Amino acid sequence: MRIREMHERLPPGLREAVDEFSRHLAVVEGRSEHTVRAYTGDVVSLLDHAAYEGRSSVAELDITLLRGWLAARMGSGAARTSQARRAASVRAFTGWAHRTGRTPTDVGAQLATPRAHRNLPTVLRADQAATLVTASPRSYRSATAESRNNAGCPSDAERADGAGSGRGGIGGGSVLEVRDRAVLELLYATGIRVSELCNLDRSDVDHARQVVRVFGKGAKERAVPFGHPARRALDDWLRRGRPELVARGSRDALFLGVKGGRLQPTVVRRIVAGAARAAGLPHTRPHDLRHSAATHLLDGGADLRAVQELLGHSSLASTQIYTHVSTERLRTAFNQAHPRA
C-alpha cells in the first residue's frame, strides 16, 4: 500500500501527529525535502501498523510495538540500511512527541539501530575523473540524443532541458555545452552534493578567493574551495552561457535549465552519465564524483578532518569510509607490483 493511502486511513490523532512532525522537520530543523519525505514515510508506516494493532493515539506507542514494526519490515526483505534509517526516523519522531507533551516518555530511546552494512563507494581513478570532466559536451550530448531516439520518447527532464539540442549557439560551443562543462568541473572540484549544486546562487560564488558557499543538510553553511579549471569553466558560463538562458523566473540561480529555471538534479544526473558514457567509463552518478573527490584528496595527503569539513559530514565516521577506499587501492597496487606480495 502506498504511503499516501496509509496516511489517509490513519485515525485523526495519529494523522495530526505525523503532519505536525513533518512540518517540524521542514520548518524548525530545516531538514532537506528528501529527508522530510523519507522520515515522514517511515512514521506513517509505523502509525499504520499501530492503528492495525488497535492504537489510536501517539501516547499508546510502546517499545514492543516499535520493535514489532521493525521486525515486520525486516521480514518483508528490507535492506539493513533501510532498517537503520527507519530506526532513526522513529527515534526522531518519539523524541519530538515526548518533547511536545504527546507522550509521557520517549519510548523510541530504547530502540537499537540495526548495524548497516556499508559497501565501499564507487570511486574513479584520478585519470578517469579528469577524462570525464573534460569530455566533449558536444559528443556526449549527441550520444544522449542518439540513445534517446533509439529508445523512444525522451524523458520529462530531457525535454525540459533540450537534451541533444544546440540551443543558443555561441562561439566555442552551445550554451548548454558551456553550462555542462562548468557543472562537471565544479562537482569534481568541490565534491558537493547534486542538491547543493542545484541550490547555488551567483552570490554564493567568491571568484576572488575561489570559494563557493554551500548550504548542506540541515541548512548548515560551509565554504568549499575550487581550483583554476573550475574557475575558468564558471567564468565562461557566467560570461557567455548564463545570459543566454536568463528568464523572468531565473532570479539569482547559478545554473539554469533550458527554460531559464533553476537547474534540476535529474538533469545534472543525465549530464554526468552522458559525460561518463562519452569518456568510455562505466555508468557514473554525481555522487560518484563526490566519492572520487574525497578519495583523491586523501590520496594526496589531505587531513581527514579537513575532508570532513569540505564534504559537510556531521560525523567523522561518514568520512572514514574513504580511508578504507584508499587502503584497498593501496593493497591492490601492492599485490600487483610488489615481488613479495
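Me: Which residues have the most contacts inside the largest nonpolar core?
Reply: This is a predicted model, in which local features need pLDDT of at least 70 and side-chain atom pairs count only at pLDDT 80 or more, whereas totals for chains, interfaces and linings use all residues. Residues are numbered from 1 along each chain as its sequence is written, and side-chain values use heavy atoms, with hydrogens and water left out. A nonpolar core is a set of buried Ala, Val, Leu, Ile, Met, Phe, Trp, Tyr and Cys residues joined through side-chain atoms within 4.5 Å, where buried means under 20% relative accessible area, exposed over 50% and partly exposed in between (1.4 Å probe, protein chains only). The largest such core has 41 residues, and those with the most contacts inside it are L132, L186, F255 and V268.

Me: Which element gives the largest share of this core?
Reply: Helices (DSSP H or I, at least four residues) and strands (E, at least two) are numbered from the N terminus. Two or more core residues come from each of α6 (126–133), α9 (175–190), α10 (194–198), β2 (211–215), α11 (228–245) and α12 (265–278). The largest share, eight residues, is that of α9.

Me: Which residues does F255 touch, not counting those up to four places away in sequence?
Reply: Contact here means heavy atoms within 4.5 Å. With that exclusion in sequence, the residues in contact with F255 are R179, A182, V183, L186, L197, L234, W237, G261, R262 and L263.

Me: How many residues are in the second, separate core?
Reply: Among the members of this second core are L14, L70, A97 and V107. Its size is 28 residues.

Me: At roughly what angle do the axes of α2 and α5 cross?
Reply: In this contact A17, E20, F21 and H24 of α2 meet S89, A92, F93, W96 and R99 of α5. Angles between N-to-C directions run from 0 to 180 degrees, for axes fitted to C-alpha atoms over the stretch in contact; under 35 degrees counts as roughly parallel, over 145 as roughly antiparallel, 65 to 115 as roughly perpendicular and the rest as oblique. Helices α2 (residues 12–28) and α5 (residues 80–99) are therefore roughly perpendicular, their axes coming within 11 Å and crossing at roughly 100°.

Me: Is D48 buried or exposed?
Reply: D48 is found in helix α3 (residues 33–52), and, leaving aside residues up to four places away in sequence, D48 touches M6, R9 and L10. Because its relative accessible area is 11%, D48 is buried.

Me: What percentage of the residues in the protein are buried?
Reply: The secondary structure comes to 15 helices and three strands. Of the 341 residues in the protein, the buried ones make up 44%.
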